Amino acid sequence: LPPGYGPALRAALASPSVSLAAFSLALAPPLPLLWLVEWGANVRSRRRQLPYGDQGLGLRRAMFERLGRFAPMPFLEDLELVRRARALGVVRTLPLAATSSSRKWRAAGVLRNTLNNQLVLAGHALGVPIARLAVWYRGLTAV
């Protein structure tokens, strides 16, 4: 997490309209084209109010309880939590960036890993069972 993450997160969550806050995404170490992944994730996060777990999700305990905690799923539980939070309030993405590992992009290649991630999300949207998606994802992105 970035320096100053605590005060920034507390300030974002001080507004009663904010149901969940997340950091911007940074990936390290850098790779060619990885800046595009970061840019796309940060645009998605801000415009669609849809950050993922690798962005460091933060919410008040009362909201976490109200949302029913994490869904009992083997995969994509962060996505489901954010969607439920978005239905109850604003999901704010902070300008400070949480740094996540780029190892999966290094192992599979930036384009292939990004395509695999998008295929998993498309499968989820089409109703492919979560357990099947989890096995597929872990097989495609094994490091």
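Student: What does Leu 20 touch, leaving out residues up to four places away in sequence?
Tutor: In this predicted model, Leu 20 touches Leu 13, Pro 51, Leu 57, Gly 58 and Leu 59, and also Leu 81, Val 82, Ala 85, Val 90, Val 91 and Arg 92.

Student: OK, and which residues have the most contacts inside the largest nonpolar core?
Tutor: Leu 20 is one of them, along with Phe 75, Leu 76 and Leu 133. That core has 18 residues.

Student: Which elements give two or more residues to that core?
Tutor: Helix 3 (61–66), helix 4 (77–88) and helix 7 (130–140).

Student: What lies apart from it?
Tutor: Another core, of eight residues, lies apart from the largest one. Ala 12, Leu 13, Val 18 and Leu 94 are among its members.

Student: Switching to the surface: which residues make the nonpolar patch?
Tutor: Leu 33, Trp 35, Leu 36, Trp 39 and Leu 111 make a patch of about 590 Å².

Student: Which helix gives the most to it?
Tutor: Helix 2, residues 34–47, with three residues. Leu 36 is found in that helix.

Student: Now charges. How many salt bridges turn up in the whole structure?
Tutor: Three.

Student: Which residues does Glu 65 pair with?
Tutor: Glu 65 forms a salt bridge with Arg 61, where the closest N and O atoms are 3.7 Å apart. Glu 65 also forms one with Arg 69, at 2.8 Å between the closest N and O atoms.

Student: Where do Glu 65 and Arg 61 lie?
Tutor: Both are in helix 3, four residues apart, which is about one turn of the helix.

Student: What about the salt bridge of Glu 80?
Tutor: Its side chain meets that of Arg 83, at 3.7 Å from N to O. Glu 80 and Arg 83 are three residues apart in helix 4, so about one helical turn separates them. Arg 83 counts as partly exposed, at 34% relative accessibility.

Student: Which residues are joined into a network by salt bridges that share partners?
Tutor: Arg 61, Glu 65 and Arg 69 form one network that way.

Definitions and conventions:
Residues numbered from 1 in each chain as written. Predicted model: local features only at pLDDT ≥ 70, side-chain atom pairs only at ≥ 80, totals over all residues. Heavy atoms only, no water. Core = buried A, V, L, I, M, F, W, Y, C linked by side-chain atoms within 4.5 Å. Buried < 20%, exposed > 50% of the residue type's maximum accessible area, 1.4 Å probe, protein only. Contact = heavy atoms within 4.5 Å. Patch = residues over 30% accessible without salt bridge, like charges linked within 9 Å, V, L, I, M, F, W, Y side chains within 5 Å. Areas by Shrake-Rupley, 256 points an atom, 1.4 Å probe, with all protein chains shown as cover. Salt bridge = Lys/Arg side-chain N within 4 Å of Asp/Glu carboxyl O.
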